[in-house]
Protein chains: 2
Amino acid sequence: MSTERKTFVIGGFRAAGAASGVKPSGGMDLALICADEPVPAVGVFTGNDFKAAPVVLTRERLAAGTARAVVVNSGNANAATGEEGHADARAVTAAVAKELGIPEAEVLAASTGIIGHRLPVGRITAKIPELVARLRADGFMEAEEAIMTTDRFPKTSFREVTLGGKTVRIGGLAKGAGMIEPSMATMLSFVMTDAAVEREAMGRVFRHAVDRTFNAVTVDGCMSTNDTALLMASGRAGNRPVRSGTAAYGALRDGLCACLGDLARAMVRDGEGATKVIEIRVEEAATTREAKAVAKAVANANLVKAAFFGGDPNWGRIISAAGSLGLGLPEKAVRLYLEDVLLFAGGRGVGAPEPTLREIMARPEIAVTLRLGMGRRSWRVWASDLTFDYVRINAQYST
Amino acid sequence: MSTERKTFVIGGFRAAGAASGVKPSGGMDLALICADEPVPAVGVFTGNDFKAAPVVLTRERLAAGTARAVVVNSGNANAATGEEGHADARAVTAAVAKELGIPEAEVLAASTGIIGHRLPVGRITAKIPELVARLRADGFMEAEEAIMTTDRFPKTSFREVTLGGKTVRIGGLAKGAGMIEPSMATMLSFVMTDAAVEREAMGRVFRHAVDRTFNAVTVDGCMSTNDTALLMASGRAGNRPVRSGTAAYGALRDGLCACLGDLARAMVRDGEGATKVIEIRVEEAATTREAKAVAKAVANANLVKAAFFGGDPNWGRIISAAGSLGLGLPEKAVRLYLEDVLLFAGGRGVGAPEPTLREIMARPEIAVTLRLGMGRRSWRVWASDLTFDYVRINAQYST
């Protein structure tokens, strides 16, 4: 699981955090991650039609294939801010580039916070000299603090992987608690590695890991305008550059999945108001697409999520959510398990013992398994429960 | 709007309600609607793969095109109950048929309540002689009471329409408060008319009205295993049978849409824990399908629903929900209105006055309009807000 509060060092990178006054609270709200030289970088972004200005800017700049720095603010999303918002994002990256003495095109940006308000650029740029001066190899925890919004705890993960006899390191930061959905929703994640990776393999391995981790968690089914996950690779480990289809690729993929999995599950544990993490496994689907769809339908069903909050083993709601897509699930073949306990088979409840179910439902992490009896594909998502605190937090956010 | 508590009479039909003990509370839980003779009947049902036994039975029996009676119980869904559940549903209809002295195939059934528990058939059948004895022309309010579950108020509607110089009557009952979604979710509705309608026109006009009413409301995005809407037409008004494509068809369609619209909006007003009805209009879409998809995405976004509960004019969440489908909405052309107040245009917030927005957000019924700038299609849905009470009700349902 996530190694909270533990700092880490990845050769070739430095980081820092600061309080610039974007957040009215005066808390940390500005982070900078900087590579010692331009390094290969890839990103995965929100699919929302209303992409925030920093998302548009960062996608454009990543076309070059390399980057040097990422500047991140919390407290303001710089989304739905028109042309001025794009100019604001560029102004922040220009200030960072000037202070670092590097081309502006090498600076990426990300933002998270309220939608529809202009970014206070003056406050941010005034803080950038201090931010750059604070950059240090063990500054990732400080950067993590500065990207948090409604997060209750920081989310970092560090993994070591051996590639062709060389040890490489993967370190990740993430923020995200609300607006989290299987298609990348308000979450930001920045992952650094000292591995050397070929460009094609880097894009492929990151997409693979993101699909199975960040895109497999849901808090509330809402997709943000700002979701951004970036991977930067310094190559300082001195390994032979990783290519697709090799053993080293497999090892890097597994390490990256482990690191991003830590961060993704931490986001669900920290879901707004969440008291439980529900792991939903769909097995024996005909296609991966159907397995994903069923898992997501269960994970996003408010009736299911509220029942888990209440510790109520109301398994009919899980069956009903799975069937609501009308995919033609074979009613008699489907089996439903709560942890190892069979609840439903042959088209009916099997009379599992109520005290056992209540004991399982009281746990902080609970696995639900649906075996569809249609094929051999599977998918897994992690969801939070729906609680009074979720409603309280989101009924009061901008007030 | 819905004419609550007002009873009505539709020539050719009688109804009754009773308490049979299915509900542990001892409340009314059994309803019977009966036509004086077999009448044309059509139905629309849940698309859930796990259809409840009464849904399967009623769909089969409706293939004959006519029906005589509908028996409905609340308190138990008779869903996920296997072969025994199907036998239970048949046993109840057999008891009704015997008491009425009619063929069993002319009796339809519907159930609502908890999933996965056997129906207490003995208690129900023991009550049927009394239920049949109670049948009367003004018994619809009593039947309505017996089909309610978590509903806070009864939902009935009565309309008169003139078809070719003849006045015909349309009367509808509905139940539904939770598990409500645009694709027919735990709602039951029974609509009686004394109009004479040709079979093809009857199916068509009912599907049209259901799509624009019951399928356009959402409480929690969850689809039930038991959704059933039935239309029965006695022909007692003596009008020339309504055919598709005629003026009378248009008048019947409008009357039916008005009647079902009353019931649908009443379901949202009575949504579990709901304090507000949000009308979401999507206009200027390229296709009706896209208009529906955007309206539904906004209507089901927990962040939007929680903001409405809190009276928070956080319009960024509406934009974000609309864009989350990735349909390629043209950011600069999209306009968002809260009632008549423009909030977003040209890709940015327009600085609508906060006090005006807060005043509107405090109203019990609020219209949101999204103009997409893509074409000429539109769609409208009604949604409830997401509240503490929704969570409370659904965290405790089966306990």
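Modeller: At the interface, 55 residues of chain A are in contact with 55 residues of chain B. On the side of chain A that touches chain B, the elements giving two or more residues are α8 (302–309), α9 (316–323), β13 (348–349) and α11 (388–395) of chain A. By residue type, that side of chain A divides into 24 nonpolar, 26 polar and five charged residues. The model is a predicted one, and the values given here are to be read accordingly.

The symmetry of the pair comes next. Chain A is superposed on chain B by a rotation of 180° with 0.0 Å of shift along its axis, at an RMSD of 0.0 Å. This is the relation of a two-fold axis. The same surface serves both copies, since 100% of the contact residues of chain A recur in chain B. Among the residues of chain A, A:Phe388 comes closest to the rotation axis, with its C-alpha at 2.7 Å.

Chain A has 11 helices and 15 strands. Its radius of gyration is 22 Å, close to the 21 Å that the globule rule gives for 399 residues, so chain A is as compact as a globular protein of that length. Taken along the principal axes, the box filled by the C-alpha atoms of chain A is roughly 70 × 55 × 35 Å. Of the 399 residues of chain A, 61% count as buried. Among the contacts in chain A between residues at least 6 apart in sequence, 80% join residues at least 24 apart.

A:Leu336 and A:Leu338 form the covered face of β11, while A:Arg335 and A:Tyr337 form the uncovered one. Strand β11(A) is joined by four bridges to strand β14 (residues 365–371) of chain A, and the two run antiparallel. In that pairing, A:Arg335 of the uncovered face has A:Arg371 as its bridge partner in β14(A). Three bridges join β11(A) to strand β12 (residues 341–345) of chain A, again in an antiparallel arrangement. Here A:Leu338, from the covered face, has A:Val341 as its bridge partner in β12(A). The hairpin of β11(A) and β12(A) has two residues between the strands, and A:Glu339 takes a positive phi near 50° there.

B:Glu339 lies in the loop between β11 (335–338) and β12 (341–345) of chain B. Although B:Glu339 is not a glycine, it has a positive phi of about 50°. B:Glu339 counts as partly exposed, because it has 16 C-beta neighbours inside 10 Å.

Phi of B:Glu284 is near 60°, a positive value in a residue other than glycine. B:Glu284 is partly exposed, with 18 other C-beta atoms within 10 Å.

Definitions and conventions:
Residues are numbered from 1 along each chain as its sequence is written. Chains are lettered from A and ligands numbered from 1 in the order in which they are written. This is a predicted model: local features need pLDDT of at least 70, side-chain atom pairs count only at pLDDT 80 or more; totals for chains, interfaces and linings use all residues. Two residues are in contact if their C-beta atoms, placed from the backbone, lie within 7 Å. Ala, Val, Leu, Ile, Met, Phe, Trp, Tyr, Cys and Pro count as nonpolar, Asp, Glu, Lys and Arg as charged, and the others, Gly among them, as polar. The radius of gyration is taken over C-alpha atoms; the globule rule is 2.2 Å times the number of residues to the power 0.38. A residue is buried if 20 or more other C-beta atoms lie within 10 Å of its own, exposed if 12 or fewer, and partly exposed in between; C-beta atoms are placed from the backbone. Copies are superposed by least squares on the C-alpha atoms of residues with pLDDT of at least 70 in both. Two strands pair if DSSP finds at least two bridges between them.
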